[in-house]
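Please read the points below with the model open beside you, and look up each residue as it is named.

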Amino acid sequence: MKDNKKKVVITGLAVVLAAAMALGGGTYAYLQGTTEDVVNNFNTNKVLVELNETTGNDYNIIPGTTQEKDPKVTVDATVDSYVYVEVTDATKGLVSYVIADGWEKLDGYDNVYYREVKSSNEKQEFYVLKDNKVTYDAALGNSDMMEGDALKDGVALTFKAHAIQSEPFANAVDAYKQMPTFVSSAADLKEMLQQNGGNIILQDNITVEDGIQLGILKDSSIDFNGKTFSGAFENGTTTNGGPSVNLVLRDPNNNGGYSIDSELVKLPGGGMRQIGAVTAWQPTITIESGKYRHDNAVVYCQLQRSSETVGVVINGGTFEGKGNASVVADIIGSVEINGGTFNATKEGDGSGECIYLSWGSQRVPTITTINDGTFNADGRLFYIKSQSGYTQKIEVKGGNFNVAPGGKLVEVSGNVPATDILVITGGTFNVDPSDYVDIEHYNVTKSNDKWTVTAK
C-alpha cells in the first residue's frame, strides 16, 4: 500500500506540473524589434571598342601627294576607361602621318598611344590620324620604291584598338599590361616580349627556326593556352646589373602536351644557344603551371646582378629533363620551389638531376629553397658543384623525393662537402636523408621504406 501511495502522489504531481506547463504555454511578450529591408542594387557596366575605316585598305604611293585615311575608334563605355591604339608601321619610311591630338604615347612603348575617356551613355568617336590623311614625300624616288629589280612589298600600316576600365589601375601603363594579346607566330611573340610586354596568349603552336632564345625586355605574362612553343626564353639581358623584368608562365589549358619543348643548339664555330628552356639573366621568372622539357637545363638561373634576389619562383607545373639534363640549374642567384613535378632521367654513364647547384659569383649567394613539390630521379636527386669562398645552399623544407634503386640522394664535386651545403628540415624520402638533418632539432622517422623529416 505504501508503494501505491507514492505512485499516486508522483502521478498527481506530474499532472499538476503538466497543467502548469500547459497554462504557461501561451504567447510570450518578448522585447523585440524589426527593421525595414535595405535593398542593395548593383548597376552593370560595359567597355566596348570598335575600329573602322571608310577610306579603304589599298593605297598607291605617289611621291608628293596626299591620300585620305580615316581610322576611327568608337568607344561605348559606361565607366571611365583607357583607350589604346597600337600602330604597327611597316611602311619602310615611304608613308608619313601624324597621330591626332588627344592621343598620348604610352610611356615605355614606341608604337602605342592612349587617351582617357570619361563614362558616357553615348558612343564616343576618336580619329587616329591628324586630318585623316597620309602623305608621300616628293623626294621619294625609284631607289626608295625598289629592292634590286623588284618593287618593295609588304609595305603596310596597321592599327589595333583596345579599351579597359581605368579603375583599379594606378595608370595607363598598368592597365595596358592587363589586356591579353593573341599571337600566332615567332615574330609576333618576339615583338610583344621586346616592345610591348603585357598578357600574351598563344593562339597556335610556335617554333623558333633560328635557334635563338627569345629575349624578354618588357614585363610579360605568357599563357600557352594548350599550345607548344618550340624554342627558349631568356629573361632580361646579360648586362651586369641590367633592369629587372618580370615574366610569368602559365598553361591552365594544358592537355598533356609540352608548353615548351626545347633543345640545346650547338653552333658550328663553338658556343651554344638555348642553354635552357627558360633562362633567368635578370629577376624574376614565375612559373605557375604548364609542362616543360629540355636536354640541358629546363630552368636555368644565372643572375647578372649583385643583389640577393630571387631569380626564379616555381609554384607548379611539370618539368622534364631529356637524357642527362638538369631539371633546375641554379648557377647564380636564388630559386624558390613551392610546387610542381620534377623528373630527371639517366642515360649511359652520365646522369641528370632534379637540382643542379653550382657557383658563379662570390658576391651573390646561390641558394635553392624547396618548400614543396615532387622530385623523381633515375640517378640522383641533387648534384652540387662546390667551391670554397662561395655561398651555396640547398634548403629542403618539404616535398616528396624519390630516386630509382641504386640512385643517390646527392652527389658533390669540389672542395666543400655536401653536408655543408644540403640542409633538410622537412619532406619525405625513399632514401635515408639523416646525414643532412640536424637531429638535435628535427626527427627522422621511417615507415614503409619512406623517411619523413619533421621538427621536434
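1. Glu 263 is partly exposed, with a relative accessible area of 46%, where buried means under 20% relative accessible area, exposed over 50% and partly exposed in between, computed with a 1.4 Å probe on protein chains only. The side chain of Glu 263 meets that of Lys 322 in a salt bridge, with 3.1 Å from N to O; a salt bridge is a side-chain nitrogen of Lys or Arg within 4 Å of a carboxyl oxygen of Asp or Glu. Lys 322 lies in the loop between β28 (318-321) and β29 (326-337) and Glu 263 in the loop between β20 (260-261) and β21 (265-266), so the pair ties together parts that are 59 residues apart in sequence.

2. A word on how to read these values: this is a predicted model, in which local features need pLDDT of at least 70 and side-chain atom pairs count only at pLDDT 80 or more, whereas totals for chains, interfaces and linings use all residues. Residues are numbered from 1 along each chain as its sequence is written, and side-chain values use heavy atoms, with hydrogens and water left out.

3. How many salt bridges does the count come to? By the rule given above, the count comes to 11 salt bridges. Lys 46 forms one of them with Asp 76, the closest N and O atoms being 3.1 Å apart. Because Lys 46 lies in the loop between α1 (2-23) and β1 (47-52) while Asp 76 lies in strand β3 (residues 72-77), the pair ties together parts that are 30 residues apart in sequence; helices (H or I, at least four residues) and strands (E, at least two) are DSSP runs, numbered from the N terminus. Lys 46 is partly exposed at 38% relative accessible area, whereas Asp 76 counts as buried at 11%.

4. Arg 380 and Glu 353 also meet through their side chains in a salt bridge, at 2.8 Å from N to O. This pair links distant parts of the chain, with Arg 380 in strand β34 and Glu 353 in strand β31 (residues 353-357), 27 residues apart. Arg 380 is buried, with a relative accessible area of 12%, and Glu 353 is buried too, at 2%. Elsewhere, salt bridges that share partners join Asp 261, Glu 263, Arg 293 and Lys 322 into one network.

5. Leu 381 lies in strand β34 (residues 380-385) and is buried, with a relative accessible area of 0%. Leaving aside neighbours within four places in sequence, Leu 381 is in contact (heavy atoms within 4.5 Å) with residues including Glu 353, Cys 354, Phe 375 and Val 403. The C-alpha atoms of Leu 381 and Val 403 are separated by 6.6 Å, although the two are 22 residues apart along the chain.

6. Which residues line the largest cavity? They are Glu 86, His 162, Tyr 176, Met 179, Thr 181, Met 192, Gly 197 and Gly 198, where a cavity is a set of points on a 1 Å grid over the protein atoms alone at which a 1.4 Å probe fits but cannot get out, and lining residues have an atom within 4 Å of a point.

Conventions
1 Å grid on protein atoms, 1.4 Å probe; cavity = no way out; pocket = protein on both sides within 12 Å on 5 of 7 lines; lining within 4 Å.
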